[in-house]
Amino acid sequence: MSQRSHPQPPVLWEPRAEQRERAQITAFARWVAENRGVRAEDYDALWRWSVTDLDGFWSAIWEYFDIQADTPYERVFGRREMPGAEWFPGAKLNYARHIFRDRDDDAVAIRHASELRVLGAWTWGELKRRTAAIAAGLRRLGVGPGDRVVGYLPNIPESAAAFFACASIGAVWSSCSPDFGVRSVVDRFAQIEPKVLLAVDGYRYGGKDFDRTDVVSALRERLPSLEHTVMLSYLAGRPLDGTLTWEELEASGEGAELAFEPVPFDHPLWVLYSSGTTGLPKAIVQGHGGILLEQLKNIELHLDAQDGDRVFWFTTTGWMMWNLLVSVLLTRASIVLYDGSPGHPDLGTLWDLAERAGVTVFGTSAGYLSACMKEGIHPTEGRDLSAVRAIGSTGSPLSPEGFAWCYREFSDDLWLFSTSGGTDICSCLVGGVPTLPVYEGEIQARSLGMAVAAWDPDGKEVVGEVGELVVTEPAPSMPLYFWGDTDGERLRDSYFSMYPGIWRHGDWIEITERGTAIIYGRSDSTINRGGIRMGTSEIYRAVLALEEIVDALVVDVPQPDGGSRIELFVVVREGVALDDTLTRAIARRIREDCSPRHVPDAVHAIAEVPRTLSGKVLEVPVKRILMGERPEKVASRDSLANPEALDFFTRLAEERGRATP
């Protein structure tokens, strides 16, 4: 690994004394000092305690957040090793009980809007009533603890109520957004053999209506375990024979009391899926207790969601950020949902929603913030966004330019927190801390309870250098197992094959001397030139700084002679041509910002960058196509947002004679 020699970046934000005092992590640190005798003088000391005394930290989280267990736990650990850690043996509880405890029926729980619905609200009373009705209706359909219920649903309140209903029963939830194609949904849901499908008849995106009744019919045919299908009329499409309507499901349970089935700490809560760019997506199982503890810790202490906050995150039901967003209801904050395109009618639509809904914490992707910056969007022009106290960014590394843009557009009193973690833990490994400064281009800190480090190939920790992101101690929301992975081989191969007993996350990370973190992209798509390893995010930052470039993808393709070839694919702004002048400008920018070794061997213009439905760039699949593998082997087209974007790379491989027949 190469030593990083960048100077300390500017501090963009420092919390005021009253902000530090108000932060919930301050109250937690004070409680720990008073009740556990742990006196941490700063965040770094608190973090170090949290990852060295796991029993003390996680039992403190349990007690501090007053976890309600029908049966108490015997000890924090049954087994501590990874994989296979056993947490809080003996405990029986229910995640959904903590969603609904001590609620004011008249208070707003969810604000919601979509391209089909104007801004509306559900009170806690309505959410509880409808959750109880759905739960009772599902029980009448034969759903019990451990049964799988799957949702092919948009990001609307009904979806949240359905999930909470499943959790209350002890059934296992899983969801895909309705922009997933048949094969992509079947690849996921078929693995877990669901008993009930909750589906939508269609949706609107970008001003266009998409009827999904044919997709639902195909799903019913290709999921033989299904006993019942319930259809929600969202687009007002045609009903399907042999299905129940959503109204019938709720009516069958109308008036029922909401009850909570006590389940073991490690009882499955939901199944999430890896991106599915290669092979079948991994069906990642996470449990009631682990998710409950992790989400309370993350959302209360790191996100700092408080009474009166209105938390928004742009997501779909096919991304783990939806699971995290609805888990915000474990706290005293309310949530804001949006279903539709973030770019319709223009990129200002989410900022419009933030104004209308009074959003206080605005969560989005780094890509959206970068797009707003590129397109000259000014969020506060003509909008009252004074309620927005924090912006959260995830999905990919936010560039230093993106940080600077947010502070130019808002004020120096804005808390901008970038996070990184993922589906694997449904949380953040590194992220926001409301009592720490924000350095341009850097993530504030490692999350409490997450023993994150950067390791070199020999398994030695490095600071101030780029290394493999590893987690050296177990955490409660790590996967219980992959569904169907009976011997645990896929799970071990996914996380523990490089460093036995140590979680390897698959990202390049630098932990600075300040304790901040910088993510450099996926380690399996990192470009190594002469011993200098560079994450693709660094190259993208350099390239996208050019006004002529709006998107990019870079891969390092091995060649038959044993060498390799860096190929850069760019989307140029409308009216711009990729000529010699622009190609030289790209090379100069990469040479100056990254290294001369990482100047691409070739630059190509493409119409669009291929991405998964959750927005991830398909670097590794593109690389494999250019190495001669068949496209259908390296990427499921139904898991892609724009599958036709792969065709360019297939043709290029064929022209070079490297395509597999």
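Here are some questions and answers about this predicted model.

User: Happy to start with the aromatic residues: how many aromatic pairs does the structure hold?
Analyst: A pair of aromatic rings is described by the distance of the centres and the angle of the planes. Rings count as a pair if their centres lie within 6.5 Å. For this structure, the number of aromatic pairs is 41.

User: Let's take Trp 351 and Phe 410. Is that pair stacked, edge-to-face or tilted?
Analyst: The ring centres of Trp 351 and Phe 410 are 5.6 Å apart, with the planes at 50°. Planes under 30 degrees apart count as stacked and planes over 60 as edge-to-face, the rest being tilted. At 50°, the pair of Trp 351 and Phe 410 is therefore tilted.

User: Which parts of the chain does that pair link, and how many residues apart are they?
Analyst: Trp 351 belongs to helix H13 (residues 349-357). Phe 410 lies in the loop between helix H15 (400-409) and strand S22 (415-418). The pair thus links distant parts of the chain, and the separation is 59 residues.

User: And Tyr 495 with Trp 503: stacked, edge-to-face or tilted?
Analyst: Here the ring centres are 3.9 Å apart and the planes stand at 10°. Planes under 30 degrees apart count as stacked. With its planes at 10°, the pair of Tyr 495 and Trp 503 is therefore stacked.

User: Are Tyr 495 and Trp 503 buried or exposed?
Analyst: A residue is buried when its relative accessible area is under 20%. Tyr 495 has 2%, and Trp 503 has 1%. Both values fall under the cut-off, so Tyr 495 and Trp 503 are buried.

User: Which ring has the charged end of Arg 446 over it?
Analyst: A charge sits over a ring if, among other things, CZ of Arg is within 6 Å of the ring centre. The charged end of Arg 446 is 4.0 Å from the centre of the ring it sits over. That ring belongs to Trp 47.

User: Now the helices. Are H2 and H4 roughly parallel or roughly perpendicular?
Analyst: The axes of helix H2 (residues 24-36) and helix H4 (residues 54-64) come within 11 Å and cross at roughly 110°. Angles of 65 to 115 degrees count as roughly perpendicular. H2 and H4 are therefore roughly perpendicular.

User: How many nonpolar residues are in the contact of H2 with H4?
Analyst: On the H2 side, the contact includes Ala 27, Phe 28 and Trp 31. H4 brings in residues including Phe 57, Ala 60, Ile 61 and Tyr 64. By class, the contact of H2 with H4 has three polar and two charged residues, and the nonpolar ones number seven.

User: H4 also meets H11. How many charged residues are in that contact?
Analyst: The axes of H4 and H11 come within 10 Å and cross at roughly 80°. Phe 57, Trp 58, Ile 61 and Trp 62 in H4 meet Leu 293, Glu 294, Lys 297 and Leu 301 in H11. The contact of H4 with H11 has six nonpolar residues and no polar ones, and its charged residues number two.

User: Why is helix H3 described as largely enclosed, and what covers its buried residues?
Analyst: Seven of the ten residues of H3 (residues 43-52) are buried, so this helix is largely enclosed by the rest of the structure. Trp 47 and Trp 49 are among the buried residues. The cover includes H2, H4, helix H11 (288-302), strand S26 (445-446) and strand S27 (452-455).

User: How many residues of H15 are buried?
Analyst: H15 is mostly covered. Its buried residues include Phe 403, Trp 405, Cys 406 and Tyr 407. They pack against elements including strand S1 (11-13), H13 and helix H17 (536-544). Of the ten residues in H15, the number buried is eight.

User: Is Asp 304 buried or exposed?
Analyst: Asp 304 is found in the loop between H11 and strand S18 (310-313). Its contacts include Arg 22, Arg 389 and Trp 415. At 4% relative accessibility, Asp 304 counts as buried.

Definitions and conventions. Residues numbered from 1 in each chain as written. Predicted model: local features only at pLDDT ≥ 70, side-chain atom pairs only at ≥ 80, totals over all residues. Heavy atoms only, no water. Phe/Tyr/Trp six-rings, centres within 6.5 Å; stacked < 30°, edge-to-face > 60°. Helix = DSSP H or I, 4+ residues; strand = E, 2+ residues; numbered from the N terminus. Buried < 20%, exposed > 50% of the residue type's maximum accessible area, 1.4 Å probe, protein only. Lys NZ or Arg CZ within 6 Å of the ring centre and 35° of its normal. Axes fitted to C-alpha atoms, helices over the stretch in contact; angles between N-to-C directions. Parallel < 35°, antiparallel > 145°, perpendicular 65-115°, else oblique. Contact = heavy atoms within 4.5 Å. Nonpolar A, V, L, I, M, F, W, Y, C, P; charged D, E, K, R; others polar. Lists of a residue's contacts leave out its neighbours within four places in sequence.
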